[in-house]
Amino acid sequence: MTEFRVGRGISDVTGEAAEAGMLGYGKAEQRSDGIHMRLRSRAFVFASGNERVLLVVSELPLMFDSIHRTVLARLADRFGGLYTARNTMLTVTHTHCGPGGYSHHLLYNTTTNGFRPKTFDATVDGTVEAVERAHADVADAMLSLNRGTLENASVNRSRVAFERNPLSDKEFFPDAIDPQITLLRIEREGGLAGAVTWFASHNTSMTNTNTLISSDNKGYAAYHWERVERGVDYLANIEPDFIAAFAQTNAGDMSPNLNLKPGSGPTENEVENTRIIGSRQYDAAAELLAEQAVPLTGGVDSRVVYIDLSDVEVAPEFAGDGAVHHTSGPAVGASALAGAWADGVGFPGFREGANPVFDVPSKLAYGAFKHLRDSQAPKGIVLSGSTLNKIRPLVAERFPVQLLRIGRLYLVGIPGEVTIVSGLRLRRTVAEIVGADLDDVLVAGYSNGYFHYVTTPEEYEAQQYEGGSTLFGRWQLPALQQTAALLARAMKNSLPAPDGVELPTLRVPRSRVPKVPNDVTPPERAFGDVLIEPGPACEPGAQVRATFVGAYPDNDLHRGGTYLEVQQETASGWRRIADDGDFSTTFRWSRDGKARSSIVVTWNVPDGQPAGNYRIGYHGDAAGPGGLTPFTGFTRSFAVG
């Protein structure tokens, strides 16, 4: 009998494909109008003896308190006390091309046309469904851990800030990147059944001009392993025999845009860059499979504590200067609004570094309020979140910090974007206490909530984008190190986590999504009619395109399904070979007038596609006085090869 029992589950968490503001870049004009790759949630239950931990990796822009609390409540209704805040880690890949509007805090809904219930429900339902499938899948398994390096999938986009760190930190990252890639292998009966891979690089190969939902480079890495290499059919009625997640670590200052400009590097094509950077992560993980792996032992464990990050007293041992310091309420810096220049500029009139219009009045405030100066200077404050929170919940102030252990692997759950040196200090803090190898301690960023960035106090001084986005000031990282140390000591000594703060009650925001008129068709046309047919024949490598009379996609999100199919003619009939979750297809919606919709489906015929007859199908749902009416349209057949 093996020491571990493991369950795996996967589900669709794709939100609204039409007119939903995308989350990540903060651009109101970046609104969804279709799908390139669907978003998925992958859940893993790791059990040993009477203990278990649950890790969920979702292809979402951000993890919010709203989702975290709602999912935990749903799991409590379903499983009682089996999956709780203590042993459940909800983390995301941080794609910037997913629909937003699923937060209960106002700031994150300002560019998404407000709170969007359909996207919120799709996110929660898909996450819970993935966990339910993982729970039902628990069986004996062997776990092993491998580490390697990946040098050509990230670049430091905040080198100015990085160089302010002490030599002892910079020497650990001689190329100013964190190249470590870590593979957790799951085997059953001698065969590979799953994998979780951690690597630090932003999920921003797709730029802020893209309006198709995309899981970006980490999503492509998972898709390639599951679908291309292992033949997983996401729409099949059976659970896949293999699930692979590509999770984030301390990616705060790591960009995949290797030429340090949006959509640039290694090529000048954002879609191709998504494939290349994703493929490099997959290739590095696959190479680790060939290495001998030592099975994990030691069971699982978990701790969590909620802290008020706006009011933490930081002890001298963590502050590093022999003095006691305090964090303060959330404040947005001018440089935060400038955006990360390598991944996409922010708002006009702001820049990284000095912003005199905001720096000067902030200096006056710092002169009057010593506590504010100690915690937030030299930030040029644009917005005081703590002040606005008294009126409406703008940003969260209370967060969970978590520590999970799976054998010798430790995951420090941080609800934000952690720079590589900040991550190094958190890892060192935990490793020294629990006696672990530093490489076996990882920061799991973007977990269980979101508080923007974490920089070192030295990086904070530079007030680059990341420093301006470190909301709780220069002592935020030491406060998190101090909290991680408490959890590590508790875990090492088999003690419960310290008491934490209580969370405020949050109300579901009112939706401001406008009502959409019932769908109509052009004269003498029906829903699903083909307006523009594909050509009669094409070769592999070509692009096939068809235009349909469509309906509003948000009428039905087709979660767990597809809006499109590419079918191949076989002796037994037409067989689906691709859908809207495939990298080779795109589904794009546009509105004609007030109530007409056009749908354009493209299929980039893969090299090596077998010769034969093919057709493209579109599945929609028309809204009318009597409700929704599903319909399907198909093109004429065309030859490939």
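At 1% relative accessibility, Thr-127 counts as buried, a word used here for residues under 20% relative accessible area, with exposed meaning over 50% and partly exposed the range in between (1.4 Å probe, protein chains only). Thr-127 lies in helix α2, where helices (H or I, at least four residues) and strands (E, at least two) are DSSP runs numbered from the N terminus. Leaving aside residues up to four places away in sequence, Thr-127 touches Val-13, Ser-41, Val-56, Ser-58, Val-71 and Leu-90, contact being defined as heavy atoms within 4.5 Å.

This is a predicted model, in which local features need pLDDT of at least 70 and side-chain atom pairs count only at pLDDT 80 or more, while totals for chains, interfaces and linings use all residues. Residues are numbered from 1 along each chain as its sequence is written, and side-chain values use heavy atoms, with hydrogens and water left out.

The buried residues of α2 are Thr-119, Phe-120, Ala-122, Thr-123, Val-124, Gly-126, Thr-127, Val-128, Ala-130, Val-131 and Ala-134. An α-helix has 3.6 residues a turn, so residues three or four places apart point the same way. The cover over the buried residues of α2 includes β1 (4-12), β4 (40-48), β5 (51-58), α1 (65-79), β6 (88-92) and β7 (98-99).

Helix α12 (residues 420-434) has 15 residues and reaches 21 Å from its first C-alpha to its last, close to the 21 Å expected at 1.5 Å a residue. This helix, α12, is mostly covered, since 13 of its 15 residues are buried, and just after α12 comes Gly-435, which takes a positive phi of about 75 degrees.

## A seven-stranded open sheet

Seven strands form an open sheet in the order β7-β2-β3-β32-β33-β29-β27, with antiparallel pairing; two strands pair if DSSP finds at least two bridges between them. The edge strands of this sheet are β7 and β27 (530-532), each of which pairs on one side only.

Strand β3 (residues 31-35) is mostly covered, with four of its five residues buried. Two bridges join β3 to strand β2 (residues 18-23) in an antiparallel arrangement, and the partner of Ala-18 in β3 is Asp-33. Two bridges also link β3 with strand β32 (residues 585-592), again in the antiparallel sense, and here Ile-35 has Phe-587 of β32 as its bridge partner. Further along, strand β29 (residues 543-550) and β33 pair in the antiparallel sense over eight bridges, with Ala-546 standing opposite Val-601 in β33.

## Aromatic pairs and charges over rings

The structure holds 26 aromatic pairs, where rings of Phe, Tyr and Trp (its six-membered ring) pair if their centres lie within 6.5 Å, and planes under 30 degrees apart count as stacked, over 60 as edge-to-face and the rest as tilted. The rings of Phe-172 and Phe-173 have centres 5.0 Å apart and planes at 85 degrees, so this pair is edge-to-face. Phe-172 is partly exposed, with a relative accessible area of 33%, whereas Phe-173 is buried at 1%. Trp-603 and Phe-638 form a tilted pair, 6.4 Å centre to centre with 55 degrees between the planes; because Trp-603 lies in strand β33 (residues 596-604) and Phe-638 in strand β36 (residues 638-640), the pair ties together parts that are 35 residues apart in sequence. Both Trp-603 and Phe-638 are buried.

One aromatic cluster is formed by Phe-527, Phe-548, Tyr-563, Phe-587, Tyr-618 and Phe-631. The charged end of Lys-27 sits over the ring of Phe-347, 5.7 Å from its centre, which requires NZ of Lys or CZ of Arg to be within 6 Å of the ring centre and within 35 degrees of the ring normal. The charged end of Arg-474 likewise sits over the ring of Trp-475, 5.9 Å from its centre.

## A buried arginine

Arg-157 lies in the loop between β9 (155-156) and α3 (159-162) and is buried, with a relative accessible area of 4%. Its side chain makes polar contacts with the side chains of Asp-343 (2.5 Å) and Glu-466 (2.8 Å); a polar contact is a pair of N or O atoms within 3.5 Å, and within protein one must be able to donate a hydrogen and the other to accept it, while residues adjacent in sequence count only if both atoms are side-chain atoms. Not counting residues up to four places away in sequence, the residues that Arg-157 touches include His-202, Gly-252, Trp-341, Tyr-453 and Tyr-465.

Technical notes. Expected span 1.5 Å × (residues − 1).
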